[in-house]
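This briefing concerns side-chain contacts in one protein model. Please consult the sequence and the structure shown here before reading the points that follow.

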Amino acid sequence: QVQLVESGGGLVQPGGSLRLSCAASGSIFAIYAMGWYRQAPGNQRELVASMSSGGSTDYADAVQGRFTISRDNAKNTVYMQMNSLKPEDTAVYYCNVVGATLTHVQFRSWGQGTQVTVSS
């Protein structure tokens, strides 16, 4: 069983910054990819940013240059620094982790979601 705990959401004014964190725990043998998705009301969940175990990153065009994903492999934690936030970034942000358990079963787990609201 793998659990993800997210933190760092909140209310921020346009142009402000927030940092999201997501810590994975449980029966983890390896983590392959970690990433962040978001879902705004009425929209489908979409990929925001991801990072592989080798450090390669992928960003949605809408956040390129404003958001930065990073990870601490020793802590099984992924972060996302969000700068120059815009009202259209308002959404529930979900952490996503892909890996293998101690019994070598592959898993894909989701965090509980954290609300990010960008408004003046």
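A residue counts as buried under 20% relative accessible area, as exposed over 50%, and as partly exposed in between. The model is predicted. The points below cover its disulfide, its aromatic pair and the charge placed over rings.

**Disulfide**
- The count of disulfides comes to one.
- This bond joins Cys22 to Cys95, with an S to S distance of 2.1 Å.
- Cys22 belongs to strand S3 (residues 18-26) and Cys95 to strand S9 (residues 91-101), so the link connects distant parts of the chain, 73 residues apart.
- The link of Cys22 and Cys95 is left-handed, with -80° about the S-S bond.
- Cys22 is buried because its relative accessibility is 0%, and Cys95 is likewise buried because its relative accessibility is 0%.

**Aromatic pair**
- One aromatic pair is found in a search of the whole structure.
- Tyr37 and Trp110 form this pair in an edge-to-face arrangement, 5.0 Å centre to centre and with 65° between the planes.
- Because Tyr37 lies in strand S4 (residues 28-39) and Trp110 in strand S10 (residues 106-110), the pair ties together parts that are 73 residues apart in sequence.
- Tyr37 is buried, at a relative accessible area of 17%.
- Trp110 has 35% relative accessibility and therefore counts as partly exposed.

**Charge over rings**
- The charged end of Arg45 sits over the ring of Trp110, at 4.6 Å from its centre.
- Arg45 also lies over the face of Tyr94, 3.7 Å from the ring centre.

Definitions and conventions. Residues are numbered from 1 along each chain as its sequence is written. This is a predicted model: local features need pLDDT of at least 70, side-chain atom pairs count only at pLDDT 80 or more; totals for chains, interfaces and linings use all residues. Side-chain values use heavy atoms; hydrogens and water are left out. A disulfide is a pair of cysteine sulfur atoms within 2.5 Å. Helices (H or I, at least four residues) and strands (E, at least two) are DSSP runs, numbered from the N terminus. Buried means under 20% relative accessible area, exposed over 50%, partly exposed in between (1.4 Å probe, protein chains only). Rings of Phe, Tyr and Trp (its six-membered ring) pair if their centres lie within 6.5 Å; planes under 30 degrees apart count as stacked, over 60 as edge-to-face and the rest as tilted. A charge sits over a ring if NZ of Lys or CZ of Arg is within 6 Å of the ring centre and within 35 degrees of the ring normal.
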